[in-house]
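Please read them with the sequence and the model side by side.

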Amino acid sequence: MTTSEASAAAAEDPAPAAPLAPPGERGPVRWLRAVGRAFEPVRRAPVTVFVVVALWSVGAFTGSLGGGPPAPLLNDVGVGVPALADGRWWTPLTSVLWCSGIGNYIGSTLLLLLLGAAAEQRMGSVRTGVVMFLGQVLGSLLGTAVVKLGSLAGEDWLDELSHDLTATPGIAACAVGAFLSFRLSALWRRRLQLILIVFPLMLALYVGHLQGVLRLAGTVVGLGLGAFAHRDTHRLRMPHASHSEGRVLVALVVAASALGPLVATLYKDSLGPFNVLDLYVSGGPSAQQIADACVRAGTECDRIRAQDHFYGSPAMLMGIAIPLLLLVLAEGLRRGLRLSWRITVVAQLVWLGLMAFLLSDIASHPDRYVLEGSDQADQKAAMIQAVVEQMLLPLLVLVLLFLTRRVFDQRLPRATVTWLAGTVGGTLLLSCLAYVGIGYAVRDQFTPDATFSKLVSGLPTQFLPPSYEPFFFQGQAPVPVGGTALTLYEYCGMLFWVVTLIALFVAFRRPLMHADADAAARARALLTAHGGSTLSYLTTWPGNHYWFSADGRAAVAYRVHSTVALTTGDPFGEASARADAIDGFAEYCDERGWTPCFYSVTADAKSRTDALGWSSVQVAEDTVVPLPELAFTGKKWQDVRTALNKAKKEGITAEWHSFPEAPIALTDQIRSISEEWVADKGLPEMGFTLGGLDELDDPHVRCLLAVDEDRTVHGITSWMPVYGDSGDPAEDGADPRPVGWTLDFMRRRSDGFRGSMEFLIASAALGFKEEGAQFLSLSGAPLARSDTAEPPAALQRLLDYAGRVLEPVYGFRSLLNFKAKFQPRYRPMYMCYPDPAALPNITRAIGKAYLPHMKPAQGVRLMRKLTA
């Protein structure tokens, strides 16, 4: 049914629209109530609130909010090897009341409120408090022990940490989060555990502060306590992950390996073992480095000044080119793309190759890397150790990629790969030609003057940050000193990286469809032979793709938006095969990196997805009118009888037509009525489950017109057949007789007969009853539902609010009230989805499905109406 139903219904029954907010609750009051609802979980978390309040109160009282507790105070309350060695046994617990700076205060507070409040709701306040206490104490002791053992083993980084003290409640927060993960579903258990392990690990390895090591230890303690407490309900091993979830987990690891060094750049004193070399995330030279290099004028001075200029321009983006590349590749891995897997493997191998080359060069030419002095051997050993440590992360990522290679089996369309190769290759060629050609024209702006061969040999340096040059190219590229030369030096490589990253991201986001030329015909034959739900005829509309079960007994119609496979109603086909089709289609989507979303499905489909552990929310309400006993008698049918009698007096009759075969005089009026509505609203017509003129052009769809004696069309309704196994058998190869009909298109002339919609629906009901149909469906109104005694969940409240906001524009609630005149039976329609984390993508996909052709001006107009 189209959105014009709402306007038609409102015109027939001009009831006032539901207010957006109760009287007295507009403006600031409404926002305050919304904020209050958002903090509702926190209000039910007394232990968490107590810790947060104590943290900030103690910090403010001791003047520690700015830069952490003063040194004398930290010595008394901070935890670390020196504190425990000196017998300050209370420090693992007292360290929960301070942080090392305002940034840590804010971060720890957010972590506590997020994980602590959730834990208190699921585990209770007493157990949460116990886990916080044990996590803070045992995590501090475990982390301190690791630091001490590392120091004894000769690890320089841990040896330096063995002299530090720190204070943070993040240890307790990580422990609580890890313990809480055992109370979550398998999906979120895996994700939360991976996040609490990988991200603190990356921060520890790149930032390298003592508090990072202790937070990681807190996670380990929380996992241990959780595994022990839930040993009877959870296996100690990680539960099996589906293809789709496996891709998400690998993508998280790759993203963490990229975000770790990026976060480390925010710390001026990062000292982690993976943050020794200025390669993964490159920064400009310091003032001291410039001064040391420019003691005497020369090429080296010009080179470091050019680097300083480089990092002072937009080209500094190249300094984080490798992490950005990995983040884009992580999106491709999340979708299971083989191309993204291959590029990620190549990137890790290239990184390992560069590190291997650097390792060999340090061993062969140590004088290039160490300072003169008596400790050259120690400096060389330290450099070699740093490079080896740098090689560990890409090596581990490579191992993970090869172990999970089978889940990355999706291939992009050939046209997309061709476009990607042409874009990246063309940009690379253009950048090279620009650097060499223009550079040769301004060769006097380089030092020494650039020759053609020098410019060509220096090309590799243009596509890597300047910090790579002294390690791998030893001054092969000429140094720019002039304006045009500096511009080439800064922007040729940046142009390549920007275009490449955007092209990769766009290519990875394009859905891969497996079109079948005969799929639509097969789907229609299956539908007419065995039927489906009241909305199953929508599966025959253009824009749908089809999945068929292996035995061909059931099918699912879907369309892909934003990597979400959005179905058009329930599976259809043989009744006994429809439930299994849900499992099969979910597996099909899982293999392709899509998120399945069964949209506008019945309670039968919901019961199957509930058994799979999926989430669901009501998105509409189907209204079904039984026909065998239908009679317009009694007070409840007064409006319908009035419309029938008034139409008879005014000479208006109901005529059945097929739109493709109707007289042109009638079809022109239908188009005119439709265009009048569109022009009046100035808003886009909604699609997907709401039909328009294109969907009328079907010989199997019946149109009922309200026509007067002058052949003027006052209103139109269209009815889609509903097939079922219980229908009468077809004769001579014809389609089976429908068991019911579903209302779709519904519009009336603005200055026509006001009761035309009641008249047409009532006339259709009487006609279908005479033909032997069992029911008619007035279809569902999106974002509208009848009142129930069951309290709505948070997401349901959000959808109800969206329905109220859209009411003045599309009138879905007025439409549902209008349908109540026909005394229907209400049947809820649901949206079922496996992963709550995919809701933003699902919302975007539904928006694209309903408004695929919305123009910018219409979008602005829509927002104006919503905010009016």
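**Notes on the predicted model**

1. Leaving aside its neighbours within four places in sequence, P571 is in contact (heavy atoms within 4.5 Å) with A555, V556, R578, A581, I582 and F598. The residue is found in the loop between β5 (564–567) and β6 (572–573), where helices (H or I, at least four residues) and strands (E, at least two) are DSSP runs numbered from the N terminus. P571 is buried, with a relative accessible area of 3%, on a scale where buried means under 20%, exposed over 50% and partly exposed in between (1.4 Å probe, protein chains only). The C-alpha atoms of P571 and G531 are separated by 9.6 Å, although the two residues are 40 apart along the chain.

2. A word on the basis of these notes: this is a predicted model, in which local features need pLDDT of at least 70 and side-chain atom pairs count only at pLDDT 80 or more, while totals for chains, interfaces and linings use all residues. Residues are numbered from 1 along each chain as its sequence is written, and side-chain values use heavy atoms, with hydrogens and water left out.

3. For the chain as a whole, there are 34 helices and 14 strands, and 52% of the 868 residues count as buried. Among contacts in the chain with a separation of 6 or more, residues 24 or more positions apart account for 78%. The chain exposes about 39100 Å², of which carbon and sulfur atoms supply 61%; such areas come from the Shrake-Rupley method with a 1.4 Å probe, and for residues only the protein chains shown count as cover.

4. Helix α23 (residues 483–509) has 27 residues and reaches 39 Å from its first C-alpha to its last, close to the 39 Å expected at 1.5 Å a residue, the expected span being 1.5 Å times one less than the number of residues.

5. The aromatic pairs number 19, if rings of Phe, Tyr and Trp (its six-membered ring) pair when their centres lie within 6.5 Å, with planes under 30 degrees apart counted as stacked, over 60 as edge-to-face and the rest as tilted. The rings of Y440 and F452 have centres 6.4 Å apart and planes at 80°, so this pair is edge-to-face. Because Y440 lies in helix α20 (residues 414–441) and F452 in helix α21 (residues 452–457), the pair ties together parts that are twelve residues apart in sequence. Y440 is partly exposed, with a relative accessible area of 38%, whereas F452 counts as exposed at 51%.

6. Y558 and Y588 also form an edge-to-face pair, because their ring centres are 6.2 Å apart and their planes lie at 65°. This pair links distant parts of the chain, with Y558 in strand β4 (residues 554–561) and Y588 in helix α25 (residues 578–591), 30 residues apart.

7. S600, in strand β7 (residues 595–601), has a positive phi of about 55° and counts as buried at 6% relative accessibility. R711, in the loop between β10 (702–707) and β11 (713–722), has a positive phi of about 65° and counts as partly exposed at 38%.
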